[in-house]
Amino acid sequence: MAGYLLRRLLAMVPTVLLISLVSFLIIQLPPGDFLTTVVAKLQQQGQTVGSDQLAALKAQYALDKSPLEQYLRWMSNIILHGDFGQSFQYNKPVATLLGERLPLTLGLGLATWLIGWTVALVAGIYSAARRYSKLDYVITALTFLGLAIPGFLVALTVVYLEFKLFGQTLSGVMSPEFEGAVWNLGKLLDVLNHLWLPVLVLASGGVAGTIRVLRANLLDELHKPYVTAARARGLDERKLLMRYPTRVALNPFIATIGWTIPALFDGEVLVASVLGLETTGPLLLNALKAQDMYLAGGIILIACVLTVIGTLISDLLLAAVDARVRVGYAGSGK
Amino acid sequence: MSDPLSRRTFLQVSGLSLSATAVAGCSFFSTDAKKSTGPAAADAGAKESPVLTSLVKSGKLPPLEQRLPKNPMVIKPIQSAGKYGGVMQRGQIDRNATQNQYVEFAGLLEWTPTTPAKAGPGLAEKWEIEQDGKVYVFHLREGLKWSDGTPFTTDDLMFAYEKEFLNKELNPVFPGWLAPGGKPGKFVKVDDHTLRMEFEVPHGLLLKYLCFIGLTGFGSSSALLLPAHYLKQFHKDFVTPAQLQAAMKKDPAPSWAEFFSNKRNIWKNADIPVLGPWKLVAPLQGSGVTARLDRNPYYWKVDEQGRQLPYIDSQQYTVMPSETLGLRAANGQLDLQVTDIQAEQLPLLIKNQQTKGYKVNRWVAEPNTSLQLNQSHPDPVLRTLFQKLDFRAGLSHAINRKEMNDALFAGQGFVRHPCAQPEDEYWEKGMGQRFIEYDVAEANKRLDAAGLTRRGPDGMRLRPDGKKLQLVGRCFQVGVGIDAISVLEYAQRYWKAVGIDMVAKQMTPELWYNEIPHGNYDLVAYPPATILWDIDSLWYIPTNGLTYWAPKFGNWYGNHKDPFGMAPTGDFRTLQTLYDELVTTADDAKRLDLGHQILHLHDQNVWIIGTVGTPFQPLIAAGDLKNVRPDAIASFRTHYENASSPEQMYFDSPEKHS
């Protein structure tokens, strides 16, 4: 097991480097760069930028070097100094920008994840155990809707309905009058009143999928001989359900925990844009549109690293809950 | 008019009846946001805001007489003298856009609140023009102070000239607005309150240039009013490299020039002193979405009773997506808004104004999203074709403007090619009306006359050289008027009927500013400026790469060796020489004549094919916001809402706006 872990850790290094190289090159692909925008802005103000000035600006941003050289410079700065480079668009270090956005991004992501999974597990287990009951049909109908309607559309609709029915416009994290105000009950309620919507919208898509998969898996398990055997021994139905088939049915989710971590980081681009939430998602979107390559590269790189780490966590968790996987590890460790 | 209170009552009722949203009516739990403004009770005789009075009492601020200049500028309120207090709620779409620049603006000269706007007194109370416009002498008001209390003198202006305009790193090229005919001007300090600006040739537009935020505001790279005492600590010429490096470590930037311009950014740096009515106190931070501006205790304007302006204490800006901004405005949650209100939101805004307690003023709009063929096209065949008047006339006749007007503006828009507009001093009645009628037969006749007689197997016209003719129309979401892509889509349909194949392509603004100035495109859709265009030359005269109808000629104007330039001939060159003459003409009558000549060339040649103009620009104002001009022109050149002098606006019930 330890040997396996070590090998996995070593393999992560080239994987991450390779992903980072590819993402950096993709960011470089479109014609032009941020500098052309700077020059155009100067021209717009009635100034003409000469070729020598252009060269100086290029050197300043290291844009005169080859993409590979720019990449090496970028990577070595990250590894050696934790410096992700400078965002041209914001005129700020990328690390600072990310630091500003992380608390809200992660808070929102975690809340969404916890609420989503709780709802999904309860609903999924209920739906499988009481198959073809009325509530099962209701859950099924809702999940199909949840799967079919894109999150940003739900967000837009809810925002409009809020305005139409209750005369409110929900967007951002709190109402303008509370920004900068001291924390009190009012502010807390205001924040909660703003956050239920994004959490609901963000969770809805994922919840629907989770419920469907959990239901299907569980239905497979429910009729297996080991369940019948346990029931024959007189085990309480509820205990039986939770102890055996549910544990097995959870395997696919544990295996995909790895993907939820980067999803926390950049998965909510559209919804966050619609709702005016200043998380890392819209930051990445803007960076890509503006060819702000160090910023975009930084976000993509972090998302990649998180995916790789997440996959590792998934594998370890899987081994912890499932003896079959553990045995497989033990074999590979030799 | 409905009482703005009804909104709050409405909220509470809906909150009561629907538990899901009950928490929104926070006043239930008596947990209001903190109040920052004092009572406006002692208003009647007060010469300053109660907020400032309490600061004076506690010794944190000198008394009013010591803060105002000897001769403060007196403003006659539009309706009535106001009450002090209140926070104005504003909105904006872009995190980086600085809508605040309009209300933080102060000028050596400022626009008069009239239509058309004229250059009037500002920080300079009077001025003389000598030697037929070669020398301008400005007299600053005595005792002016920056928002931190430091005196504002000629030295600040000399700092801008010597340390900014002449510094190659900050301004690689000397600012064009100070170099009439390409000859850089000079600043000379006479005394602490008198400055001479000297030019080699007469400068005809200087007074107007000085009023224009795009050239002299903080956002421009050639800003004129810089607080020398504050900025010196970040300027290479005043501190040692070590000190500079230490300062840059705290606030990293890729270069010294960037660092300096960050320090003078009035949207990001709350420390920089300003001269305008409000100043930034809390910038956008992290993932926050609001920024706050407070009153400048040293502001130098008073009303007729000598009471210091502005009346309103604070402004709060919330960044939100365009749809939300429209909904908030329609909900009465924005107290003053001109920019970032999209034309599509008009019906909702008009419908809700009674119930939600705000009003919609109809200001004169500029936007007339026009089709602009690239007269400097790199392909000689297309360039020759585009330059034929018959071709442009044919395209124009093919457009059904009435249908567009009915569909987009319920028939309220105006139909004209952009050639200034009635509110502009260069405007002449009857301009911009050639080839404007919808006439398919005439369009076909004109296109045939332009040499497009051959057609391909699909029935579409071929280029004169027999190749397939397909034009690519480009645009991006401009943010004023109607969406440019819909204009291109209309044109696409109309032109197809006369055998012209065009495809529409929308781009991101970033890519637009990358590609378009190089001038390698067929045509674009964009709304050109139509008022005060003489201080923003590129719209009618090819003076740079963003002259959309002739970008390469514009690049050539700036630099004859520009790789993306092309030498203009005939009328194109005439426009440039006429403008050079216009700038260097001190005589107003002669200047108007030159402007007319420029517009006549546009009228005759229809280089910019107009479609339908926005009927009006909505200005959203809270129900109890007073002293708002019912009509003005909403334009970047007159600084949007600043055309109504926000410093003299006030809330009738300031206590409701806290």
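Predicted model: local features only at pLDDT ≥ 70, side-chain atom pairs only at ≥ 80, totals over all residues.
On the side of α5(A), the contact is formed by A:V94, A:L97 and A:L98, and on the side of α16(A) by A:Y294, A:L295, A:I299 and A:I302. Seven nonpolar residues make up this contact, with no polar and no charged residues.

Helix α5(A) also packs against helix α6 of chain A, which covers residues 134–148. Here the axes come within 9 Å and cross at roughly 130 degrees. Residues A:A123, A:Y126 and A:S127 of α5(A) meet A:L135, A:D136 and A:I139 of α6(A). By class, the contact of α5(A) with α6(A) comprises four nonpolar residues, one polar and one charged, while the contact of α5(A) with α16(A) has no polar and no charged residues.

In chain B, helix α15 runs over residues 401–409, and its buried residues are B:R401, B:M404, B:N405 and B:F409. Viewed down the axis of α15(B), these buried residues fall within an arc of 100 degrees, so they line one face of the helix. An α-helix has 3.6 residues a turn, so residues three or four places apart point the same way. The cover over the buried residues of α15(B) includes the helices α14 (389–397) and α17 (484–496) of chain B. Strands of chain B are also part of this cover, including β16 (414–415), β20 (608–609) and β21 (612–613). Just after α15(B), residue B:A410 adopts a positive phi of about 50 degrees.

Helix α14(B), one of the elements covering the buried residues of α15(B), is itself mostly covered, with seven of its nine residues buried. The buried residues in α14(B) are B:F391, B:R392, B:A393, B:G394, B:L395, B:S396 and B:H397.

Definitions and conventions
Residues numbered from 1 in each chain as written. Chains lettered and ligands numbered in written order. Heavy atoms only, no water. Contact = heavy atoms within 4.5 Å. Helix = DSSP H or I, 4+ residues; strand = E, 2+ residues; numbered from the N terminus. Nonpolar A, V, L, I, M, F, W, Y, C, P; charged D, E, K, R; others polar. Buried < 20%, exposed > 50% of the residue type's maximum accessible area, 1.4 Å probe, protein only. Arc of directions from axis to C-beta. Axes fitted to C-alpha atoms, helices over the stretch in contact; angles between N-to-C directions.
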